[in-house]
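Please read the report below alongside the sequence and the model.

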Amino acid sequence: MNTETSAVHSNQPLIQHLLELRTRLLKSLVVTLLFFAGLFYFSSDIYELVSEPLRMLMPEGTSMIATDVASPFFAPFKLSLVLALFLAIPFILHQVWGFISPGLYKNEKYLAIPLLIASVILFYAGVAFAYFVVFPLVFGFFTTTGPDSVTMMTDISSYLNFILKLFLAFGLAFEIPVATVLLIWSGASSVQSLSQKRPYIVVGCFVMGMLLTPPDVISQSLLAGPMWLLFELGLLFARLTPFMKKPS
């Protein structure tokens with residue numbers, strides 16, 4: 001009987017952690033769905049706004065098309081759902097922080113909070129950079145390089161998949177300063193080591209730009225250039241931060 005009681009007590013912390021994890025996941029899901037419920041009513045307007053960088057560059061008399069019968073519904077639906085997830089990111093990260101913070105050291109918490117805030121800001125900055133800088137240049141290139149005999153009429157679902165890929169690529173690329181700081185702080189690398197590997201990292205940035213963006217030089221360079229600059233920003237922050245050593 002005592003053995004059974006001991007086993008129950010030994011499993012209790014794990015059960016409590018799992019219950020807490022489930023609660024935080026449910027909260028994140030509910031907040032995301034609430035955002036989605038508020039956005040779905042305006043889903044068509046949101047799609048009009050997101051597609052404006054392409055529509056304003058299309059030849060006069062042309063428009064976007066739907067090649068599938070359900071696309072006029074599912075494309076705005078999908079966009080609203082993804083946007084709801086983007087908007088819920090601060091709350092989701094707050095739930096992640098609440099779950100992992102009890103197991104962190106004091107100086108780990110001191111560094112983790114600004115890194116979490118920076119992660120959110122940098123992700124949104126990457127999405128904004130894609131929309132306001134990359135889209136006009138890329139779509140301007142695409143709409144002016146095709147044969148004169150071809151009329152450009154982009155499918156709304158294809159366009160949505162294209163821009164979501166770019167949003168995610170630039171959002172994640174802008175997380176490079178955080179990733180650089182974490183590498184140095186965890187002891188996996190050092191400022192000196194990463195500085196010596198700069199030529200390889202620059203090449204890696206252009207390779208990632210080639211893999212994550214459409215096959216054109218403009219979008220590849222617009223992703224690779226900021227990735228390199230953000231890497232340098234991460235190195236600069238690591239040099240200026242005196243507590244880059246993880247406690248033993």
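Predicted model: local features only at pLDDT ≥ 70, side-chain atom pairs only at ≥ 80, totals over all residues.

Residues are numbered from 1 along each chain as its sequence is written, and side-chain values use heavy atoms, with hydrogens and water left out.

The protein has 9 helices and 0 strands, where helices (H or I, at least four residues) and strands (E, at least two) are DSSP runs numbered from the N terminus. Of its 248 residues, 36% count as buried, that is, under 20% relative accessible area with a 1.4 Å probe and protein chains only.

Two helices can be set side by side, the expected span being 1.5 Å times one less than the number of residues.

| Helix | Residues | End-to-end C-alpha distance | Expected span |
|---|---|---|---|
| α9 (217–240) | 24 residues | 35 Å | 34 Å |

Helix α2 bends by about 30° at Leu 49, with Pro 53 following within four residues; the bend is the angle between axes fitted to the seven residues ending there and the seven starting there. Pro 53 is also among the buried residues of α2, which include Ile 46, Tyr 47 and Leu 54.

In α9 the buried residues include Leu 222, Pro 226 and Phe 231, and the buried residues of this helix pack against α4, α5, α6, α7 and α8.

Met 210 is found in α8, residues 198–212, and is partly exposed, with a relative accessible area of 47%.

Key. Buried < 20%, exposed > 50% of the residue type's maximum accessible area, 1.4 Å probe, protein only. Contact = heavy atoms within 4.5 Å.
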